[in-house]
Amino acid sequence: MTDRALIILTSHGSLGDSGKDTGFYWEELATPYWALVDHGLEVDLASVAGGEPPADPGSAEDENVNDDVRRFLADDTAMKALKNTSAIETVDASAYRLVYVPGGHGTMYDLSQTPAVGKAIATAFDNGAVVGAVCHGPAGLLDVTLDNGKALIEGRKVTGFTNSEEKAVGLEDIVPYLLETRLRELGADYVKADDFAAHAVRDGRLVTGQNPPSSKKVGELMIEALKAET
């Protein structure tokens, strides 16, 4: 039987009251998606609300589009899955060996605020799955409480979009919270590299990346974690 992976996407498309659009970040979806598919996993896509999730328009600009994004956009199976994601509350997370959460600023508005997201990730992790997230994707880890009553990220090495990176893109006063601050407050052993440098960390079955350029390393570390569990 083919091992299965689940990707959970944001369904939120507006950037606070800025009047700007947001959503998921293309590279952060596409690069790990292909890492998992090329490793032989069957990959399902889910989102908070189901249906087609919004993409951050900036992530579709030429300078932010890599070969993985182009491959995704040209692939009928991948695009059909993206346009027809399952609502996360309908997904049986225990069926997956891996759960991955891409970023994009939309995640800051609906992932930790949706109990079904935290429940799905907790179910998967407690069942032995690898859990990964990149950039703002670790927002989906904030409300994950395991069977032992502890927060998933408590005491574990974790990274994610830094406060200084948020300031550099001019959104520190627009996002509902600062991800680095919240991760630290919840007891994560937060680690980071220079702003916008590729940086990812693996702590057992938990893999996190700091920013969009970290997506490739996150994919590699998730595969490494999967191999360690076989």
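Mentor: This is a predicted model. Its largest nonpolar core has 39 residues, of which Leu6, Ile8, Ile88, Ile121, Leu141, Leu152 and Leu183 touch the most other members.

Trainee: Which element gives the most to this core?
Mentor: Helix α5 does, with six residues.

Trainee: What does Leu141 touch, beyond residues up to four places away in sequence?
Mentor: Leu141 touches Ile121, Val131, Ala133, Leu152, Ile153, Leu206 and Thr208. Apart from this core lies another, of 33 residues, including Tyr33 and Leu41.

Trainee: The structure holds six aromatic pairs. Why is the pair of Trp26 and Phe72 called edge-to-face?
Mentor: The ring centres of Trp26 and Phe72 are 5.7 Å apart, and rings pair if their centres lie within 6.5 Å. Their planes stand at 70°, and planes over 60 degrees apart count as edge-to-face. Therefore the pair is edge-to-face.

Trainee: What makes this pair a link between distant parts of the chain?
Mentor: Trp26 is in helix α1 and Phe72 in helix α2, 46 residues apart.

Trainee: How do you know that Trp26 is buried?
Mentor: Its relative accessible area is 9%, and buried means under 20%, so Trp26 is buried. Phe72, at 0%, counts as buried by that cut-off.

Trainee: Which residues form one aromatic cluster?
Mentor: Phe24, Trp26, Tyr33, Trp34 and Phe72 form it.

Technical notes
Residues numbered from 1 in each chain as written. Predicted model: local features only at pLDDT ≥ 70, side-chain atom pairs only at ≥ 80, totals over all residues. Heavy atoms only, no water. Core = buried A, V, L, I, M, F, W, Y, C linked by side-chain atoms within 4.5 Å. Buried < 20%, exposed > 50% of the residue type's maximum accessible area, 1.4 Å probe, protein only. Helix = DSSP H or I, 4+ residues; strand = E, 2+ residues; numbered from the N terminus. Contact = heavy atoms within 4.5 Å. Phe/Tyr/Trp six-rings, centres within 6.5 Å; stacked < 30°, edge-to-face > 60°.
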